[in-house]
Amino acid sequence: MRAVDKAEDLAAALDSCKREAINSFGDDAVLVEKYVQRPRHIEIQVFGDTHGNCVYLFERDCSVQRRHQKVVEEAPAPGMTPERRAAMGKAAVDAAKAVAYVGAGTVEFIVNQDGTFYFMEMNTRLQVEHPVTEMITGLDLVEWQLKVAAGEPLPLAQEQLCIHGHALEARIYAEDPDKGFLPSIGKLIHLAPPAETINVRVDTGVEQEDEISPHYDPMIAKLIVWDESRERALARMLQALADYRVVGVSNNIGFLSRLVACPAFAQADLDTGLIERERGFLFPEGGVQSAEAWLVAALAELIHDQQYAAAEAVAGNDPHSPWHARDGWRVNSTAKREIRLRAGETEKVVNAAYAGTGIQLEFDGQSVGAAGHFVDGGQLRVDLGGRRISATVVSANEKRHVFIDGVCHIFAAIDPLFHAGSGGGAEGGLTAPMPGKVIALIAAAGARVEKGSPLLILEAMKMEHTIAAPAAGVVKSFLFSVGEQVSDGAELVEFEADKT
């Protein structure tokens, strides 16, 4: 889909749509449709059997989207009146009956803020977001599918169906919201979903140590919550997201937490442009880590060192040698260490001094006593100046993922003895942000272009990514042809920027 506001933008949008369609479906036919401003996306779950029965199982609001893909779904739709629900339900059932539909289906509508609605499409299957319908109706829709397929009539009539409570589903994705929701690939080094209860459900097809590949949709799981009211369901979702731990790939859990807490979403001021409209709240600048997080990360480094030394001692020839100790003991002085950490572009030092059975940490001019120990799953029990903290610390190469109170703080541990070279990558080159296929070369080799000019288009995970000129300069050559697959980080273009 492309929204075209100016006539001169039509040709480029049409070409992009046709490329995407032919690559995905083998058919580049394009439809032109009326553009509805501030639309809501509301869909109706329908079910038909071979006996001529057809019912609707109420609606789902799927308005919160990025790239026309759903992010959070809920049922019932906020603000839905009984009269409008009946009208939309009847329209959906009429559409299904018109084609003698059998099985589960989803009739999707574009809805104006005033409640007027337009048929968009019907998906002849059970949708990703069907669990929210199951949660508010208490029904198993897969069981219904099997019964209908066996020739049985629908288990319930329309007047027997009712709504109880409110449910939300958040799609947990391997993607980077701060980079335009660019999909992320890699191994799930640590995967710990929240505990499932009658209020919390997790649907997933991956486990810890599995790989997120570039060949499929990068969804990790669907997180579904239910409660008696929308307000309580929102609180459930916030807590469930706070309990979710994913390390190894970029993910959208922090973004989802901000989205659910966003005043516009909390107040059900919904439309498909909500994410862009609330960008200031959803994408805060800076990402400053708390002093507490720096201290916990530093303490974890010290405890890891002690555990590693103890393990080495057990494996060695002399497990009782005092040289294995990492307890900071000195004859006539205090042992001190510097823990260097980096968060984003900010590098800081936490000074540690061993004092008796504890450690004194100094950070940003403040000094605090610290002690702690690891328990199962990377959980760290910490005492900072008498304040008890429960954190989870997961190491992935040089990265340290510190989870505190539902927030993930990412640090890089800096080894002062490591000397980095001059770095990789050909100077002046442009690289692939992820594995994909080159589907179009926009510029010509040897052409002079301005900063921001599109050079080529890469397709990956059902998305098109435009590689643009980083500055004014000359495209010296393309290193791949249309149709070729490229790996993550592959140099795509030899580019010479103007010296000025």
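In which strand is the place of arginine 400?

## Arginine 400

Look in β21, the strand covering residues 399-404; strands here are DSSP runs of E with at least two residues, helices are runs of H or I with at least four, and both are numbered from the N terminus. This is a predicted model, where local features need pLDDT of at least 70, side-chain atom pairs count only at pLDDT 80 or more, and totals for chains, interfaces and linings use all residues. Residues are numbered from 1 along each chain as its sequence is written, and side-chain values use heavy atoms, with hydrogens and water left out.

Arginine 400 is buried at 14% relative accessible area (buried is under 20%, exposed over 50%, partly exposed in between, with a 1.4 Å probe and protein chains only). Leaving aside residues up to four places away in sequence, arginine 400 touches several residues, including Glu301, His409 and Phe411 (contact means heavy atoms within 4.5 Å).

## Helix α3

Now for α3, residues 130-137: eight of its eight residues are buried. Among them are His130, Glu134 and Met135. Just after α3 comes glycine 138, with a positive phi of about 75°.

## The cysteines

Cysteine 62 is buried, with a relative accessible area of 0%. Cysteine 262 counts as buried too, at 0% relative accessibility.
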